[in-house]
Each structure stands twice: as structure tokens, then as C-alpha cells.
Amino acid sequence: MIGFGLRLAVSGGREAITRLVVIAAAVAVGAGLLLATFAGVNAVNAQLTRVASLYPDPSAGGSDADPLWWTSREDYFHGSLITRVDVAATGASSPTPVGIPRTPGEGEFYASPAMQRLLAATAPDQLGARYPGRDLGTIGDAALTSPDSLVVIIGGAADQVGKLPHAVRLTSTGDNTPALPETVVDLIMSVIVAGLLFPVLIFIGTATRLSAARREQRFAAMRLVGATPRQISVIAAIEAAAAALAGTALGFVLFFLFRGSLAAVPFTGDPFFPSDLSLGVLNVLLVAVGVPAGAAVAAAVSLHRVRVSPLGVTRRATPRAPRWYRLLPLLLGLAELAFFLVGPKPETSDGQAAVFLPGLLLVMTGLLLAGPLLTMAGARLMARRATRPATLIAARRLADNPKAGFRAISGIMLALFITSVATGVITSIVANRGPAVVGSIEAATLSVNANDSPPTVAGPVLAGLRPIRGVSSTTILRKNPVKYADALVACADIPAVYGRCEAGATVAAVASGFVPYRQTVESSRVWPAAPVSVDALPQLPVESVVVGTDGSADAIEKARTVLELTFPAYYVGANVPGDFESEFANTLRGWQQLANVTIIASLALAGCSLAVSVVGGLVERKRPFSLLRLSGAPVRVLRRVVALESAVPMLTVAVVAVGIGLLAAQLFLGAQMHYTLEPPGAEFYLVVGAGLAVCLAVIASTLPLLERITGPETARSE
């Protein structure tokens, strides 16, 4: 039976070979994207694991070895995060950090390749002086998040490193990585994966159904001569599986061919190592076995009319119209998201993700179920407003079978929804927590926590900062013995750009860095008086130092270096208000880039699905179209019919998907972060418009085929 099925698959001449090639090519693209998606999930998990390994859990692992002192701290350079790891061995058996051959001693350090390049290209007084000592070599990939990671591992004395903030004692390294929030990671990635996988599966399914009507007639003829339903199903499955197997094998080739190029793209804000894009045994089996099996099942299911009876293909009835209950999952998903605007929500991140993300998945499911209903509504509206024959014919066909009209463009709806949610959320978060605007006072203000340093440190700080060109002011803030949240400063020492004291005050209680939380610098701000005399201020410990600059990179980095050398026990290095937000915003932009890649790939696949669907529909309906041409219908009318049948449902679901996506983003932002949705910028609409334009262009490229296959000879030969 297998041999007969293979011979039958290629015995249909040029048309059969073309169909098999198209199916194999579609499956190759789909399988390659499936492999890339699975590898991407594994790569993200690998990156997060290495990030967590820089902040080890001292309670995990364990041995009888001498402990290793370890603390990870944060430094910045031009808005880029530098991870500084201070280590100190307490004995000969102390464990060695991952990625380096030995633990550095006092006055020695290892640096990542990107960090070494940065040190070589930067003046020492801007960066290198922060890490004095001998460079022992390069940190290996096993300890780095990505090829561009800026990491330095510095050796020190055990008594000094043990006093640094968040220092821990480790008796082993490499097996004490803190547990990742798998629920959050898996649920987030499942949404992204669904946005890419669904169009892939739609593409594969559409390709395997190519010339379905012609095959149904051929298999019905086989039934008439005695073939059983089981034999027909086996032959159809063999035919589809053969092309799918070839396409799957080619998909593996494509994946490994382009894996290095994919790794270099910073989809999540940082590029991957090529080895991160790995495949597990389950991933390989799912693609190698699942794709051909799915194609075989799809081919067998598509022949359900032939299995009813040998004459099943001639008894075709209009499918039942979609009912209103298809809207219920969509409404329930939106209701769940809206509930947490006023109702209680889980306190933990895992609990919140477990509530919100399933709500988004429910909305996605609801959109897919409601798609045929929306297609039917659009078709009926088009029919009522139709003034031309082409519009009326297209509207009647869509209204008769809206499921078929929606099937090929369902991936577009899902991709647009996911991208709208991601863009709305990310744009709003960046707007609220993004870096300070270049040229603003905030972007030129540098501050560092002095960790209650002794009062005598003020002199060396002022002496070190005074010679730096571009430093306009240096203000020493003292610890407030009354109120922990505020620092103290003499009113005469407050630079005018940061505000002034209330009338009659000599000492003010100010925010750390002169910038209250989530606010901006205001010269009109009035700071309240503090019950401390000016004479008592110099005796109080130094809480922080605020340095005003002209905003130039040289001034900021030189001042940062002086501050970190003066206060070496910092946990977060001297920073401007935008440093942390800039790193956070870059990460979010990385996820935005991943969302853009998802929508572009999804729309491209949807366009290919549309092209295959349109071509298949033309081939199956060439006799009706030929009869219309014989009755006097111009070719341009038939082209309008084909274009409208594809474009109307696509544009309808695009508008609905974007609207529902932005609504879901607003519900999430309002409940989770108390933010108001920031409208997406022009880039979002350009990406969506360009994707839809490509889909329309793909549809248009199939229209010249209409004139060639609908000649008078077709009506006579069919």
C-alpha cells in the first residue's frame, strides 16, 4: 500500500509534482521556524540561568571545601550595565568561579571579551581606574549572559570582600543557581510561541490541502471501483507524509544553516551564543515526527466527505452559519482582565502571571473562535452595500462559508493581537520608566550612596571632583537621624536647579539625589526644614553625594570613577537617574523587537498561506469562473472577486485584533502597574501596515493565474 501510495502521488504529471514540491517547501519553512522557535525558548532559558548564576544561592549545593566570599554589584558606563563580581578565597580548597581557570587574588581580575575591548578603547580615568590591578585574562562563555556582556571578576582580601554589601560564603559554584521563575518565563514564552506557531501550522495545513477538491474526486473514483475508506485514508496519509518528511528534513538543514545568524540578532536585548540555540530530544521528536504525522492527519481529515460514500464529493451543502456563542470566550477573557482593575490580585509575581497570562490566552482563543463570525458580519455588510457584481459575488461566497474565508488569515489575527498587547505594554512601561531625557537636569545629575561613610570623607570627595571639567556642583548629603527616608543638607549648599528651602530654614530634609521617587528635578521645589542646626551637620555621617555636571559623557564617567574609588563598598555604583531605567528599557525594547519579528514572520507566513489558498481556490473553481467568462463577465470582475474574498476578512480581523490587543494591554497595565496606555508610535503602525501590504501584494501576485486557467477550453474539458 505504501508503494502504491507513493506511485499514485507522482503519477498525476506536472500538476502532482508541483503540488508535492509546494507542500515540501511549505513544510520546510514551517519546520525550520518551529525549530527556531523551540531553540529560541531554550536560548532564553539558558540566558536567564546564567544571569541568575551571577547571584548564587549560598544555601544550594555544599561541600567541605573552604568557603569562597562572593558578592555581585552593579556599575554603569554610558548607560550600559557592568556586572562586577568581587571574590576572595579563604583557603586552598575554595571553589573556583565558573568561566575562569583560578580565583583571582588581591589586585587581580578577569574580564569578559566585551569588557576587555571597552577597557582598551576607553581612557583609564573614565573606566579602567575603577578596576585597578593585573588583568589575568578572559572570562569564558559559561559565565556570561551573552557575547556582549560586560562582566569583571575581581579578587580581594577575604576580610574586605566579606564586608561588602550582600556578600555570601560559597562552598561550591555552578550548582547553586537560584531557581528561575519558570511559571513567568514559560507563560510569557508560550504567548510568543503561540503567535509564531499558529501561522506556521496554518501554512502547513493550507499547503497540505492544496488541490483538495481534485484529490477528492480522484479518491471518490477509487471508491467507485472498490477501494475501502481505510485504504483511501492510508493513501492520502502516505501522499501527504512523503512530502512532509522531505520538507521536515530540509527544515532541519535550514535551521542549522541559519542558526549562527539567528544567534547574532538581539531578539531579547542581548545576542545569544550559537550554542544557546540548542534543541532537546523532545523538540527534535516533536518536529521530526509531529510535522509529518500532522500533515498525514490533516490530509486524512480533509477527505471526510469521500469516506461517507463514493458520491460524497457531489453532495455539497452550505455550512451552517456561525452562532453568537463564539463570542463568549473572548468576552470571558476580557472580563477576567477587567476584574483585577477593581478586585484583589495575587501578591507574588508568579501568582500574577498565572492569572493575567491565562486571561490573555483565553482572549486569543476567543478571537480565533469569533473570527468566522466576524468574517460573516463583514461579508453581510459588504453585500448590503454592494454596487458592483464582483462585490456581491465575493460577499455571497464569504457569507456562505465564513470558516473557509477566515481559516487562511486566522494567523494574522493572532499575530496582530499579540503584537498589539506587547507593543502597548512595552511602550507604556518605557514611557513611565524610561531613561532621563538627554540634555535634562536628571541626565546630568550623578549620585552615589555613601553607606553612612564617616564625616571626614567629604574633603577627599570634593578634592577629587573639583578638577574635572564639566562638574558644576558637588553636594554632600548627611544622614537624617530623625527620618530615615530623607537626607539633610544646608540650605546654602542646595544648587538652584534642585529647588530651595522653605522660608527661615537653614537645614533642609531632601530626597536622595534631590529627585523624589518617580519625579523630576524642579527648580521651584520647596524642601521642608529639618530640626538640625547647621553646626551639627558636619558631624553627621555622609549618606550620599550628588554631582551636577554639564551632561557630557566625559564629565559623568570621570566623576563616576572618582566616586566609586572614594566609596568602594557600594552595591550600586554611582549613577544618573536614567542608568537603571535605560538598561530596563533596553530589555523591554529587546522583547519589543522579538514581538516585531513575530508579527513580520507571522504576516509573511499568513501571506504565503493566502497565496496557496487563493491558488488552490482558483484551481478548484476554474470551471465556474470559466462559465462566468463565457457568459460575458470580464476578467477584471473575476479578479476583484478573488481579491475581495481575501482582503475583506483580512482587513476586518486586523482592525479587530489591534483594537482588542490595545484594550487588553490597557486592562493589564491598569490592574498590574496603575499605568495608562500610551498610544503606540508610528513604527508600530508602519510594521502592521507593511505586513498587511505584503499580504495584499502576495494576493495580487496570484491574480494573473486567473486568466490563464479560465479559458473556454476549461469549460469544455471539465
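**A colleague's note on the predicted model**

1. Let's start with helix H16, residues 553–566. This helix has 14 residues and reaches 20 Å from its first C-alpha to its last, close to the 20 Å expected at 1.5 Å a residue. Keep in mind that we are looking at a predicted model here, so every remark below is about that prediction.

2. Which residues of H16 are buried? They are Ala555, Ile556, Glu557, Ala559, Arg560, Thr561, Val562, Leu563 and Glu564.

3. Now for a sheet. Five strands make up an open sheet, and going across you meet them in the order S7-S13-S8-S9-S11, with antiparallel pairing. The edges belong to strand S7 (445–453) and strand S11 (507–510); each has a single partner strand, so one side of each is left without a neighbour in the sheet. From one strand to the next, the twist averages 30 degrees.

4. Strand S9 (residues 487–490) and S11 run antiparallel and are joined by four bridges. Valine 489 has alanine 508 of S11 standing opposite. Which way do the S11 residues point? Val507 and Ala509 point one way, Ala508 and Val510 point the other way, and all are buried.

5. Is serine 473 buried or exposed? Its relative accessibility is 18%, and the cut-off for buried is under 20%, so serine 473 counts as buried. Leaving out residues up to four places away in sequence, serine 473 touches Pro495, Val546, Val547 and Gly548.

6. Next, strands S1 and S2. Strand S1 (residues 68–77) pairs with S2 in the antiparallel sense, over 10 bridges.

7. Aspartate 86 has isoleucine 154 in S5 as its bridge partner. Why can we call S2 largely enclosed by the rest of the structure? Because seven of the 10 residues of S2 (residues 80–89) are buried.

8. Last, a pair of helices. Helix H18 (residues 622–630) packs against helix H19 (residues 635–672) at an angle of about 145 degrees, and their axes are 10 Å apart. The crossing of H18 past H19 is right-handed. On the H18 side, the contact is made by Phe625, Leu628 and Arg629, and on the H19 side by Val635, Leu638 and Val642. Sorted by class, this contact of H18 with H19 has five nonpolar residues, one charged residue and no polar ones.

Conventions:
Residues are numbered from 1 along each chain as its sequence is written. This is a predicted model: local features need pLDDT of at least 70, side-chain atom pairs count only at pLDDT 80 or more; totals for chains, interfaces and linings use all residues. Side-chain values use heavy atoms; hydrogens and water are left out. Axes are lines fitted to C-alpha atoms, for helices over the stretch in contact, and angles run from 0 to 180 degrees between N-to-C directions. Helices (H or I, at least four residues) and strands (E, at least two) are DSSP runs, numbered from the N terminus. A crossing is left-handed if the near helix is turned anticlockwise from the far one by less than a right angle, and right-handed if clockwise. Contact means heavy atoms within 4.5 Å. Ala, Val, Leu, Ile, Met, Phe, Trp, Tyr, Cys and Pro count as nonpolar, Asp, Glu, Lys and Arg as charged, and the others, Gly among them, as polar. Buried means under 20% relative accessible area, exposed over 50%, partly exposed in between (1.4 Å probe, protein chains only). The expected span of a helix is 1.5 Å times one less than its number of residues. Two strands pair if DSSP finds at least two bridges between them.
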